[in-house]
Amino acid sequence: MTLSLWKKVANNIVKAGLIPFPITDTLLEFLKAKLTEEQAKFLLIFKKPSLNLEQIKQRTVLSEDEILQMLDALMKNGIISGTRSRSTGVMVYSLMPLFPGMIEFSLMRGEMNEKERHLAKLIEKMFKELREGTQRNYDHLMPQFKELPPPARVIPVEENVEVGQEMVLLAEDASTLIDHYEHIAVTHCYCKQQKDLINDPCKVTDKREICLIFNKPAQFAIEHGFARPISKDDAKRILKEAEDAGLVHKVFHSKLDFTRDIDGICSCCKCCCGIFRLFYEGVWPLHTVSSYIAKPNHADCIGCGTCVEKCPMEAIYLENDLAEIDETRCIGCGVCAHLCPQNAMKIERIGPREIFVLPPRLNQQA
């Protein structure tokens, strides 16, 4: 297959998502490691990211049986997702975006073999190329990033908040979300798996099965071997263990649209999480939505620095041996309040707010 055709496939995949990704030799190598030439040619029919079976038939010379075999192989490989339309019941096949999407599904099974190690190294190289591109074009790109939708919203550690009367899609406590969904699955955290594969393991927890998926995405992930079904009680236990480890709950909505269904909850650390680490590595801004903000109680604060150490956004600092908050960086996750040994930190609900923090400028010689 010619290089131009691989670039066309890469272009279709990048266009399927909302986050821009440069088409580099590393990306092409990643796709070649994931796809056969026959599969890559098939993906060229996805000029728009979602098609039903009848639309696919019109775009290929393959028989229906051959199409279904191709789709099944691509779904098992985390390249295409397949779900039934809520309105018509027709099966719709969607080309996964590169990130978030295809990159995560590449490592979600938690396997530790040479293929996964190769993919993890390619992902690391793609992130490095992203960083270099962002840093070279920093002033030009930042206004463009501001126009993109936040990839996730943060919900706080539940025991530290009073939950308001909110619609389920915008619920601010994890238990409400868990109770709302019939189908729940747990999968390996792709972020931590990728770091394990490049011998840079998580500094916060040794747990790996901590990402929750709901309803249709859960059914898809279970059917194709990316996740396993769990009970609501199991899901709540997993979230509680994540909270105790100091991880941040991030809710992901379908197509990054907060008015749509919730696909899942990730519990994130700043050393592994794609969103956090790409912020700290100077790739993308930290862009999220939260309804809470941290507030220190100076009367009880002893200046131990636990909150400073645990804050994933480095939004807390000590001044005159008392905790202070940089409210422009606080994402209201509640980690500080949950882990403060003196109960000297709380989080207050101030209404939904968008947080946008520019990534650091880095020395390009580093």
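Biologist: Is helix H6 mostly covered or exposed?
Modeller: Helix H6, residues 98–107, is mostly covered, since 9 of its 10 residues are buried, where buried means under 20% relative accessible area with a 1.4 Å probe and protein chains only. This is a predicted model, in which local features need pLDDT of at least 70 and side-chain atom pairs count only at pLDDT 80 or more, while totals for chains, interfaces and linings use all residues. Residues are numbered from 1 along each chain as its sequence is written, and side-chain values use heavy atoms, leaving out hydrogens and water.

Biologist: Which residues in H6 are buried?
Modeller: Among them are Leu-98, Phe-99, Gly-101 and Glu-104; helices here are DSSP runs of H or I with at least four residues, numbered from the N terminus.

Biologist: And which residues of H2 meet H6?
Modeller: Leu-27, Phe-30, Leu-31 and Lys-34 in H2 meet Leu-98, Met-102, Ile-103 and Ser-106 in H6, contact being heavy atoms within 4.5 Å.

Biologist: At what angle do the axes of H2 and H6 cross?
Modeller: At roughly 45°, and the axes come within 12 Å, each axis being a line fitted to C-alpha atoms over the stretch in contact, with angles running from 0 to 180 degrees between N-to-C directions.

Biologist: Changing topic, where is Gln-135, and is Gln-135 buried or exposed?
Modeller: Gln-135 sits in helix H7, residues 114–136, and is buried, with a relative accessible area of 11%.

Biologist: What does the side chain of Gln-135 reach?
Modeller: The side chain of Gln-135 reaches the backbone oxygen of Gly-282 at 2.9 Å, and one of its polar atoms lies 2.7 Å from the backbone nitrogen of Leu-362.

Methods
Helices (H or I, at least four residues) and strands (E, at least two) are DSSP runs, numbered from the N terminus. Buried means under 20% relative accessible area, exposed over 50%, partly exposed in between (1.4 Å probe, protein chains only). A polar contact is a pair of N or O atoms within 3.5 Å; within protein, one must be able to donate a hydrogen and the other to accept it, and residues adjacent in sequence count only if both atoms are side-chain atoms.
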